[in-house]
Amino acid sequence: MSSPQLTNYLRTNRNRLALWQEETAFLLGFKGEDKGGKVCRDEKFTREPSLRSALAYEAIYGRSVRELFAGLYQQIEQEVAERAKLLTYRKAGNQNPKRHQALASLVSRVLHNPSQI
Amino acid sequence: MNQTPLKHFRILAIALSAGGFGFVVMEGQRTIIEFGRRVADGDKNVQSIAKLEKLLDFYQPDVLVLQDVEAKGSRRYPRIKTLNRQVKRMAEKRKIKVKLISGKQLRSLLIGNPRGTKQEMAEMLASQFPDELASRLPAKRKLWKSEDSRMDIFDAMALAVVFNIDCSDSISDTADGR
């Protein structure tokens with residue numbers, strides 16, 4: 001039995017460091033009265049943070065973006081694999097064996113063994 | 001054995017109480033995802049169910065761990081017993097496995113003494129998870145005082161830990177591939 005990972009583990013990591021949402025928002029560089037609310041929405045998966053914020057989360061919590069957004073990463077990884085599969089079927093002018101190998105490994109690695117963080 | 005990495009095995013432990021419920025979400029045996037307490041007033045059962053539904057939607061656990069309030073020797077209030085049945089039904093409707101653990105089982109597995117106290121259990125858990133729980137450990141209750149509400153969290157944590165000690169293997173062996 002296995003459940004898909006949560007979209008993100010921001011709240012878990014914030015609790016680990018005993019930070020408040022307001023404090024985290026300050027560290028992220030959020031401004032305005034509702035800055036704690038933005039962190040709250042990130043944690044509740046109702047708002048997808050920007051790349052800058054995602055990297056700031058990594059800096060604050062000391063965990064990779066991939067770990068912090070494990071569920072989202074898993075989902076994106078699957079989508080990439082699906083697209084890679086389509087690309088392998090396409091006849092391309094580019095017959096470089098490296099390309100072929102890269103696509104094949106991406107498909108087999110991701111579709112049969114999604115990332116276990 | 002049909003075991004998956006325990007990190008992906010999510011459990012929600014609920015400890016129902018007079019003022020609401022305490023909860024703990026864990027992935028694997030050591031990772032606490034979230035813990036806390038939800039307060040219910042007015043129609044306590046209705047409110048508790050609504051708040052619990054939100055937690056189930058959010059965390060989508062594989063297993064719900066509850067105290068076995070119907071176990072021999074259990075002296076829980078009838079409202080709690082009714083709520084426990086409602087929660088169990090709700091989980092089964094969502095095809096979430098439910099595991100019931102009696103108070104006696106909790107004490108004997110956690111502190112090796114079926115007549116141990118909640119305080120002893122809480123102290124043991126606080127020492128096991130110092131980062132998360134040590135600061136929330138209530139002071140020993142005086143005889144004339146009522147129980148500290150934070151004890152709900154420790155009760156839920158005890159259920160989660162005992163589930164991990166005792167039952168996680170059997171649950172993952174009988175995987176239903178939800």
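Two strands count as paired when DSSP finds at least two bridges between them. In this predicted model, strands β1 (residues 10-17) and β2 (residues 20-27) of chain B meet that mark with eight bridges, and they run antiparallel. Within that pairing, B:Ile14 sits opposite B:Phe23 of β2(B).

**The sheet in chain B**

Those two strands belong to an open sheet of five, ordered β3-β2-β1-β4-β5 (chain B), and the pairing is mixed. So where does the sheet end on either side? Its edge strands are β3 (31-39) and β5 (97-101) of chain B, each of which pairs on one side only. On average, neighbouring strands of the sheet are turned by 20 degrees against each other, direction ignored. Helix α6 (residues 151-166) of chain B packs on the sheet and touches β1, β2, β3, β4 (63-67) and β5 of chain B. The direction of that helix makes about 140 degrees with that of β1(B).

Now over to chain A. Which residues of helix α3 (residues 35-43) of chain A are buried? They are A:Val39, A:Asp42 and A:Glu43. Seen down the axis of α3(A), these buried residues fall within an arc of 100 degrees, so they line one face of the helix. As a reminder, an α-helix has 3.6 residues a turn, so residues three or four places apart point the same way. What the buried residues of α3(A) pack against is α1 (10-16) and α2 (21-28) of chain A. Just after α3(A), A:Phe45 takes a positive phi of about 65 degrees.

Further along there's A:Ala70, which lies in helix α6 (residues 70-89) of chain A. Is A:Ala70 buried or exposed? A residue needs 20 or more other C-beta atoms within 10 Å of its own to be called buried; A:Ala70 has 24 C-beta neighbours inside 10 Å, so it counts as buried. A:Glu58 is twelve residues from A:Ala70 along the chain, and their C-alpha atoms are separated by 13 Å.

The model scores ipTM 0.70 and pTM 0.80. For chain B, the mean pLDDT is 86, and 89% of the residues reach 70 or more. Two stretches of chain B do stay under 50, and here they are with their contacts:

| Stretch | pLDDT | Contacts beyond four places in sequence |
|---|---|---|
| Residues 1-6 of chain B | under 50 | 13 contacts |
| Residues 172-178 of chain B | under 50 | 13 contacts |

Conventions: Residues are numbered from 1 along each chain as its sequence is written. Chains are lettered from A and ligands numbered from 1 in the order in which they are written. This is a predicted model: local features need pLDDT of at least 70, side-chain atom pairs count only at pLDDT 80 or more; totals for chains, interfaces and linings use all residues. Helices (H or I, at least four residues) and strands (E, at least two) are DSSP runs, numbered from the N terminus. Axes are lines fitted to C-alpha atoms, for helices over the stretch in contact, and angles run from 0 to 180 degrees between N-to-C directions. Two residues are in contact if their C-beta atoms, placed from the backbone, lie within 7 Å. A residue is buried if 20 or more other C-beta atoms lie within 10 Å of its own, exposed if 12 or fewer, and partly exposed in between; C-beta atoms are placed from the backbone. The arc is that of the directions from the helix axis to the C-beta atoms. pLDDT is the predictor's confidence in each residue, from 0 to 100.
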